[in-house]
Amino acid sequence: MKYAIIGFGCAGYYAAKAIRQLDEAGTITVFSEHDCAPYNPMLTTYYVAGKIPFEGLFPFGTLAHVRDELKLDLRTGVRVERIDPETKTVWPAGGAPETFDRLLLATGASAFAPPVEGLAPGEAFSMRTLDDAVRLKKALEEHDYRSALVVGASMVGIKVVELLNARGIDTTLADLAPRVFPLAAYESVSHEIERRIESKGVRLALAKALSKAEKTDAGYRCTMSDGSTLDAELIVLCIGTRANVQTVRDTAVTLGRGVQVNDRMETSCPGVFAAGDCCEGHELQSDKSMIIGLWANAAHQGATAGANMAGGEADFSGNFLHNITHFMDMDFIGFGDNRLTGTVLTSGDIHSGLYVEAVLGEKGLVGVNILDNYRISGAIKNYLYRVMETGSAVIQPMQRGILIKEGMRPSFIEKLEKRLEQGGRA
């Protein structure tokens, strides 16, 4: 059997590993645009900040180790121009087309930012790829920046703000949204995070987009969408991402915002699979297909795709929206869709120590925000998953013990286990 994996990040690695576990003799050809081992994009800010060495970006070891471990035919530094999913033919740039028995699209996603007047491509920095991280780290080492503008109050944006602030750079965080983490945090939690960020000396420019950047002797005069201006020597754009689906656009593969797949990670073309940030998956809470850009999600999707490519039987029922991050001496955890409404429950002091804000809907818990205690995240995540899966669940004794040990009141835990009664009361 001949397998082709297009892209070699988290999803590609786990797919190759699953294939090799079921098929020791098959040929696994990997096409990768970069010439390094699979790396974790969420660790790039830690590398730029000097918290981990360059080698720490590669959780599976060196490229040579991965190649030998999985017996791969590696084609590094090769860009795939197009794919014919019906014949399973791959056209690498500068090379002859090759046909395979099974294909996996694991091409990931790329940083995306709308054009800004006066800002030429490449002048601003981004933080998505290994190359982005190396470029920003080199710039920070070679220049004594005094001011910076980070656009995008996202999980990546806030980590960039953290590392710039730690270097003593006068940093402004801007976002078109009216508050930080608008897709993950409840409003009260957002405002508390904003208060803490500002207490570290960071300026906030919320409900504002960067509309123009005019070059000056010192850097840029930045004009925001409300007409206000600020000066910055460094601009970092952390606005969003787009799935890399160019190779299968205008083919028989069905696309939404990403490649659409079933629970086997198979596309609309038999024998062609997709996994990771380039594809959509089943979001359990909304029961819809969407891109869920999480490392663990990519790993599950890749392993599922690989097993099925090699003739096994594997399903991935889906995932739900969640974020776990540590920055500026605080933890933030967000589980579930923060747009869903219901009865709001709170526990603890939002300004210090463990604080939990939860929302109960008709079927039970629909969302949780946690400040300043990552240790309870596993228990809460597991419980919310079971609520979505079964519609009714209780917190298990071991998980209950963890929550109580970390300072959550038993009476609050009992409230979390309830559904909304008629009349909207928990």
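T247 touches V80, E81, R82, I83 and L105, leaving aside residues up to four places away in sequence; contact means heavy atoms within 4.5 Å. The model is a predicted one, in which local features need pLDDT of at least 70 and side-chain atom pairs count only at pLDDT 80 or more, while totals for chains, interfaces and linings use all residues. Residues are numbered from 1 along each chain as its sequence is written, and side-chain values use heavy atoms, without hydrogens and water.

T247 sits in the loop between β17 (240-243) and β18 (272-274). Helices (H or I, at least four residues) and strands (E, at least two) are DSSP runs, numbered from the N terminus. T247 counts as buried because its relative accessibility is 11%. Buried means under 20% relative accessible area, exposed over 50%, and partly exposed in between (1.4 Å probe, protein chains only).

The count of disulfides is zero, where a disulfide is a pair of cysteine sulfur atoms within 2.5 Å.
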